[in-house]
Amino acid sequence: MTRDLTITAVHLTPILVADPPLLNTQGVHQPYTPRLIVEVETADGVTGVGETYGDAKYLELARPFAAKLVGRQVSDLNGLFTLADEVAVDSSRVFGQVDVGGLRGVQTADKLRLSVVSGFEVACLDALGKALGLPVHALLGGKVRDAVEYSAYLFYKWADHPEGVASEKDDWGAAVDPAGVVAQARAFTERYGFTSFKLKGGVFPPEEEIAAVKALAEAFPGHPLRLDPNGAWSVETSLKVAAELGDVLEYLEDPALGTPAMAEVAAKTGVPLATNMCVTTFAEIQEAFTKGAVQVVLSDHHYWGGLRNTQQLAAVCRTFGVGVSMHSNTHLGISLAAMTHVAATVPDLHHACDSHYPWQSEDVLTERLAFDGGKVAVSDAPGLGVALDRERLAFLHRRWLDDDGTLRDRDDAAAMRVADPEWVTPSVPRW
Ligand SMILES: O=C([O-])C(=O)C[C@H](O)[C@@H](O)C(=O)[O-]
Ligand SMILES: [Mg+2]
């Protein structure tokens, strides 16, 4: 039977999803965070879904991209990059922007464009898989494991968003000291079975975060532990932390900001360094690998440009003897499904991936993905194996429509200023 894989319609739905008051070095998460849900429809009536960052600058690129996609084949995945180049030329206003810093590494125009491509790539793979009756992992060459391991992503956290801020209540409570972090880790193991732990650092002075990791090591002896201050430390502080925690850390994630500083740290410690900040594009690989700055690259399939680019990154890492795993950002089930499919195809995945998903109480799926023993089972259903809940999607889109614009761009520093009007994004290194 021949199929008509021509894309006949593309729908973009920006949404705001509830996010707890998670702390990081820049501030605190807003009560709602923007995401973009992408749907592509084929002439045969098959629909594929994708998800990516939903801030205004991504939307500005996604809209002309979506318009150009109609009439193309859902199987033309390489063509998505050519199309992105065309949109880049048309949207030079947005592409002219380069914003240094931030928790996603340097926000280059290239990375914005690739993050947009990823949402469409995943939607096209989902539609193609459904049309062919094949799971996404099969379209990527086939799974090499049946379940993908994730780590618990621990955050320092307030019990509530600041007073007067409309938000959804969560049941995690506060975690602002070692006892709170250990209690949060226990809740993660009880609810989801995670066996490895990542603590988001850069929030409190390093001694307090060292104490929290030591408390975790005592509570969970032998379990893999990571600490990630998002580049908040000087080289000297990074080395001090590495010396204190060397015995218990699986790796230290982005202790210092940028490849030269990471290389300096790496040269003087045996603790492996991981990054989702200094190697975030193919162009950044050569310098970092040549200087031995990182031992593990954490892909975010969104800003690497999708699932096939993530496989290419894994191949480059393998060539250079550098480990690969995945980090995440606030995301929903479509992205978790996409991460799980691609992670299932990467042969040498030796570190549990990390996911924010347990922090997201809301989703756009009829059925949430489940962690069992800290793992997500790799779906063999056609496409991603997920189904959109249209009512939920409409509800979360309504929230985006009703927002006066303040939450449509994630701004952790602005959210922190609600609690502390004097707050400014700390300069790095902070300690
Ligand atoms: O591993 C990381 O660097 C992240 O997960 C970045 C995120 O933005 C995280 O810091 C957060 O959600 O606050
Ligand atoms: Mg990180």
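This report walks through the confidence, domains, aromatic contacts and metal site of a predicted model.

## Ground rules and confidence

Residues are numbered from 1 along each chain as its sequence is written, while chains are lettered from A and ligands numbered from 1 in the order in which they are written. In this predicted model, local features need pLDDT of at least 70, side-chain atom pairs count only at pLDDT 80 or more, and totals for chains, interfaces and linings use all residues, with side-chain values resting on heavy atoms and leaving out hydrogens and water.

The protein has a mean pLDDT (the predictor's confidence in each residue, from 0 to 100) of 95, and 96% of its residues reach 70 or more. Helices here are DSSP runs of H or I with at least four residues, strands are E runs with at least two, and both are numbered from the N terminus. For the model, ipTM is 0.99 and pTM is 0.96.

## Two domains

Domain 1 covers 6–134 + 389–402, and domain 2 covers 137–377; the bounds come from an automatic or database domain assignment. Taken over C-alpha atoms, their centres are 23 Å apart. Contact (heavy atoms within 4.5 Å) involves 50 residues of domain 1 and 53 residues of domain 2.

## Aromatic pairs

How many aromatic pairs does a search of the whole structure find? The search finds 18. Rings of Phe, Tyr and Trp (its six-membered ring) pair if their centres lie within 6.5 Å; planes under 30 degrees apart count as stacked, over 60 as edge-to-face and the rest as tilted. One of the pairs is Tyr150 with Phe371, edge-to-face at 5.6 Å centre to centre and 80° between the planes. Tyr150 sits in strand β6 (residues 147–155) and Phe371 in the loop between β13 (353–354) and β14 (375–377), so this pair ties together parts 221 residues apart in sequence. Tyr150 is buried, at 0% relative accessible area, and Phe371 is buried at 9%. Buried means under 20% relative accessible area, exposed over 50%, and partly exposed in between, with a 1.4 Å probe and protein chains only.

Phe282 and Trp304 also pair edge-to-face, with 5.0 Å between centres and 85° between planes. Phe282 lies in the loop between β10 (273–275) and α10 (285–290), and Trp304 in the loop between β11 (296–299) and α11 (307–319), 22 residues apart. Phe282 is partly exposed at 33%, whereas Trp304 is buried at 1%.

## Cluster and charges over rings

Tyr150 and Phe371 also belong to one aromatic cluster, whose members include Trp172, Phe188 and Trp359.

Two charged ends sit over rings, meaning that NZ of Lys or CZ of Arg is within 6 Å of the ring centre and within 35 degrees of the ring normal. Arg35 sits over Tyr53, 5.2 Å from the ring centre, and Lys111 over Tyr303 at 4.8 Å.

## The magnesium site

Which residues coordinate the magnesium ion (ligand 2)? They are Asp228 (OD), Glu253 (OE) and Asn276 (OD1), at 1.9 to 2.2 Å. Donors are N, O and S atoms within 2.8 Å of the metal (3.2 Å for Na, K and Ca); water is not among the atoms, so sites may look incomplete. Along the chain, the donors follow the spacing D-x24-E-x22-N. Glu253 lies in strand β9 (residues 249–253) and Asn276 in the loop between β10 and α10, so they tie together parts 23 residues apart in sequence. Both Glu253 and Asn276 are buried.
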